[in-house]
Amino acid sequence: MLSIAKDKIDSLFELIGSKQPLYLPVDNNSGKADFAKWQKGTKLSEKLKTTRSAKDFFFPKTEHLVSYEMSGKEVKVVDPRKNVEDFVIFGMRACDARGFTAIDNVYLNMNPVDSYYKNRREHGTVIVLACNEPAKTCFCSTFGIDASLAKPAGDVSCWLADGKYYFEANTDKGKAFVENAKSALEDADTSAVEACKKDIAEKVEKLPFAHLDLSKFQGKDMLKIFNSKIWDKVSEPCVGCGTCTYVCPTCMCFDVRDFATSNGVRQIRCWDSCMYNDFTQMAAENPRHTQKERSRQRFMHKLMYYPMAHDGMFSCVGCGRCVENCPVNMNIVKVIKAVNESDDI
Amino acid sequence: MQDKLIARAKELLSEGKVQKVVGWKKGLFDDDITPAVFTTAEELDKDFVFNKYCKANLSKYLVGITRNIEIAKSTARMNNTMAKQRDPNAQDKPIPSEVVLVFLKPSDTYSFTQLLKESRITRDDVYAVGVPCQDTVDGGDVCGNCAGKKPVSCDEYIGVDPEAVVAPNTARMEEVAKIEAMSVNERYEFWRNEFSRCIRCNACRNVCPACTCEKCVFDNNALYTTQKVAETSFEESLFHIIRAWHVAGRCTDCGECSRVCPQNIPLYLLNRKYIKDINEIYGDYQAGADMESKPAMLRFQEDDPETTIVYDRSKDGGNE
């Protein structure tokens with residue numbers, strides 16, 4: 001296995017970042033961390049999680065889809081996509097990487113393929129960093145993610161153990177990255193990594209929501225859960241903002257908007273949230289009248305509809321961002337517990 | 001304090017004075033408390049908490065709750081009228097009446113009063129109990145240097161004295177003054193940096209007790225300004241500035257916008273800037289401090305100062 005000393009990691013960033021765009025978690029002035037492009041002097045954040053998930057790289061918040069330009073009686077259709085250059089994302093967590101699998105299932109593995117998403121996805125190399133200090137709000141193990149392996153859907157796995165970063169390539173893109181980085185890396189034995197994995201596994205096991213019971217979320221009980229009385233209580237404090245959806249690594253709904261320009265139309269797509277009151281607004285009617293229907297939709301989608309359509313895979317990865325950021329502290333863990341404790345399911 | 005509140009809530013429930021209690025509900029940890037409605041003594045015993053993590057301002061929930069109570073009343077009245085038209089001897093069905101108990105911290109009572117003034121809450125449907133702040137230490141500047149510790153408009157007070165004389169907080173505008181002291185470019189960079197983190201989740205707007213429009217201008221699909229699109233990075237700034245303008249003179253400085261922001265953008269500083277300006281130009285004014293006074297933005301006096309850019313320039317012979 002290849003490694004680099006912790007205090008030399010900046011030289012690796014320089015080696016990679018000078019050749020292609022490199023993104024990594026960086027502390028911002030608000031006391032939190034977000035992904036930022038590497039520049040000389042950029043320091044890797046020590047925080048466990050970024051506020052926004054890593055989905056932004058492949059599914060940005062706003063994306064220019066197409067332009068229609070008019071000149072006289074001619075209409076020109078302009079595809080704004082330029083070939084995205086290869087880029088590297090360093091230091092996301094296993095949960096974020098699993099989030100890509102959830103989005104891939106819909107945007108890559110179903111027809112029609114989302115060519116905008118695909119284009120970015122193909123050009124990005126994902127380096128997953130193991131979580132040495134999982135937080136009390138983490139519950140990835142509930143969804144079968146092993147934070148110690150730093151593996152799901154990542155091109156390279158990385159561990160910080162004993163003062164060194166260790167790298168292991170999982171895919172061709174990952175091998176190419178390691179090849180590029182080789183001059184900065186040195187060979188090392190894997191004993192420290194094995195100890196690190198064991199340590200993380202033990203810590204994860206002790207987390208309060210390490211093993212939430214999901215046995216009640218069976219397709220056959222869908223209507224029972226849908227009609228349960230728990231949704232009144234779940235939605236009661238909800239203020240109807242989009243925080244949970246926008247920090248979520250698996251929320252992938254979008255809206256398409258046209259903007260008039262001086263000589264035509266610019267069409268963009270932007271994130272949308274099922275928590276918003278106009279999410280299902282149609283010309284004549286909005287079938288989700290109250291916040292109850294909207295909240296229910298979000299949690300039913302994560303825990304029922306998505307797994308029913310995708311071989312039982314839940315579209316929650318247990319990253320805990322909604323647990324940390326909801327203004328009223330209502331979150332998917334509380335919903336799972338409410339379903340388990342309810343007597344009408 | 002928590003036991004006192006539970007005991008009083010139970011008392012009021014059993015006396016029939018209130019039918020519902022709006023309070024704070026225990027979470028999974030100590031610090032993830034959720035606003036909730038309680039209807040029985042058992043529920044209160046099981047889940048009601050009151051501690052330093054009970055930061056949520058509950059006043060805005062009263063808008064929806066009292067509206068539902070009033071809708072039920074008017075529906076019943078209408079049914080009675082219609083029944084009488086069909087049969088003049090029909091007996092009137094009883095009009096359902098409900099009163100909801102709410103616990104409000106001093107700062108929250110200003111939001112409550114402001115909502116009453118704007119007729120967004122029906123006063124008769126609410127039994128308000130003033131309670132003290134439990135801890136403002138980790139609230140930082142927004143909460144630590146709050147608008148006031150003197151509660152108003154409640155039916156009763158537990159642990160706080162509405163008559164107490166509280167010295168004005170002189171540190172409240174210090175952060176605003178710091179930003180005012182910046183050069184134009186520095187200030188522009190400061191806010192561009194802060195707003196660059198915005199994800200437009202609308203948490204600040206949706207939690208704000210001063211934002212109670214039935215249809216927000218940013219939710220209007222016919223406009224180019226709908227809630228989820230930030231077509232340009234400048235639009236994010238516009239959203240926050242327009243929002244701050246819209247609540248100017250009505251914002252009570254409860255700080256909820258900053259508390260809920262997932263990106264820790266110090267939005268309260270925008271509002272405090274407007275409060276500071278209003279205080280300096282039109283005289284000290286605290287939104288929601290009483291039921292009578294009119295905010296500067298809603299009254300006109302002939303001797304009002306005309307502090308517009310145009311006016312300032314004209315004094316100077318039109319030169320900048």
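Start inside chain A, where A:F299, A:K302 and A:L303 of helix α9(A) meet A:I332, A:V335 and A:I336 of α11(A). Sorted by class, that contact has five nonpolar residues, one charged residue and no polar ones. Keep in mind that this is a predicted model.

How do these two helices sit relative to each other? Helix α9 of chain A, residues 291–309, packs against α11(A) at an angle of about 70°, and the axes lie 11 Å apart. Angles of 65 to 115 degrees count as roughly perpendicular, so α9(A) and α11(A) are roughly perpendicular to each other.

**Where the chains meet**

Now for the contact between chain A and chain B. Chain A puts 46 residues into it, and chain B puts in 35 residues. The size of an interface is often given as the accessible area lost when the parts come together. Here the area buried between chain A and chain B is about 3,500 Å², with carbon and sulfur atoms giving 51% of that.

What about charged and polar pairings? Between chain A and chain B there are two salt bridges. One of the pairings to look up in the structure is A:K136 with B:D31, whose side chains meet in a salt bridge at 3.4 Å, N to O.

Which elements of chain A give two or more residues to the side that touches chain B? They are α8 (243–247), β11 (254–261), β12 (264–271), α10 (321–325) and α11 (332–341). So α11 turns up again here, this time on the side of chain A that touches chain B. The largest share of that side, five residues, comes from β11(A). By class, the side of chain A that touches chain B has 18 nonpolar, 13 polar and 15 charged residues.

**Two backbone spots to check**

In chain A, a cis peptide bond joins A:N111 and A:P112. A:P112 is placed in the loop between α2 (94–107) and α3 (115–123) of that chain. In chain B, B:S119 has a positive phi although this residue is not a glycine. B:S119 lies in the loop between α4 (106–117) and β4 (126–130) of chain B.

The backbone angles are listed here:

| Site | Angle | Value |
|---|---|---|
| A:N111 to A:P112 | omega | about -5° |
| B:S119 | phi | near 55° |

How values were computed. Residues numbered from 1 in each chain as written. Chains lettered and ligands numbered in written order. Predicted model: local features only at pLDDT ≥ 70, side-chain atom pairs only at ≥ 80, totals over all residues. Heavy atoms only, no water. Contact = heavy atoms within 4.5 Å. Buried area = accessible area lost by both parts, 1.4 Å probe. Salt bridge = Lys/Arg side-chain N within 4 Å of Asp/Glu carboxyl O. Helix = DSSP H or I, 4+ residues; strand = E, 2+ residues; numbered from the N terminus. Nonpolar A, V, L, I, M, F, W, Y, C, P; charged D, E, K, R; others polar. Axes fitted to C-alpha atoms, helices over the stretch in contact; angles between N-to-C directions. Parallel < 35°, antiparallel > 145°, perpendicular 65-115°, else oblique.
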